[in-house]
Amino acid sequence: MISRKLLLPAVVFGLWAPAEAAAQGSPSNRDRFALFTACRPIPVEVFVTNTGGPAGITTPSVESMATSRLQAAGILALAGSPGGSSTLQLSVFVSAQRLSASAIVTVYVIRLRLLKLLYDHQSDPRTVEAGRLPAGSAGAAPDWLNWAPTWETPQQGIGFYLGRDGDPVTNLVARMLDEFVREYVRVNADSC
């Protein structure tokens, strides 16, 4: 017979262990849908709009930061337009207004998202009632493909800075990229 002193810790540990295992990174079906790419190269699209903000926040500098952070983690990142079945999009909007000789207010909106090319089988006019493609179209590219965000992390805010320092916005972009890398590597680890 198990003593009561041992029963309570066993029950607590039994409830805690599955939650701990999930927190350590076993990818769920939702995670796999959102981030799984089987380690294919990921094109990176960067859009920067900088109105009066720090001069260092430009499309080439943000694109370089994004591709180098991904490549440092072993993710083959290609700068440019979408290709393949997924693409990483990074949009940075920064606007700054001088309040005084040394104080600047900066408004920023940053969005990092993974887009995947999704096929809607039900909407494809080429499918027949049986759910098959018509004869002669084997291997044809489906017409009903659309880019859809499957993972996203937006950030927005207002900052008051002395001087024209772009580091707070740049550091936020870097943290967002690091978050993506952690999640992407966790989900794709078995395929890479």
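In this predicted model, the 22 residues of helix α4 should span 32 Å at 1.5 Å a residue, and the end C-alpha atoms of α4 are 31 Å apart, which agrees; the expected span is taken as 1.5 Å times one less than the number of residues in the helix. Local features require pLDDT of at least 70 and side-chain atom pairs count only at pLDDT 80 or more, whereas totals for chains, interfaces and linings use all residues. Residues are numbered from 1 along each chain as its sequence is written, and side-chain values use heavy atoms, with hydrogens and water left out.

The chain has four helices and five strands, which run α-α-β-α-β-β-β-β-α from the N terminus on; helices (H or I, at least four residues) and strands (E, at least two) are DSSP runs numbered from the N terminus. Of the 192 residues of the chain, 31% count as buried, where buried denotes under 20% relative accessible area, exposed over 50% and partly exposed in between, with a 1.4 Å probe and protein chains only. Among contacts (heavy atoms within 4.5 Å) with a separation of 6 or more, 77% join residues 24 or more positions apart.

Two aromatic pairs are present in the structure, a pair being rings of Phe, Tyr and Trp (its six-membered ring) with centres within 6.5 Å, stacked if the planes are under 30 degrees apart, edge-to-face if over 60 and tilted otherwise. Tryptophan 151 and phenylalanine 180 form an edge-to-face pair, at 5.2 Å centre to centre and with 65° between the planes; this pair links strand β5 to helix α4 across 29 residues. Tryptophan 151 counts as buried because its relative accessibility is 11%, and phenylalanine 180 is buried at 0%. Ring pairs link Trp151, Phe180 and Tyr184 into a cluster.
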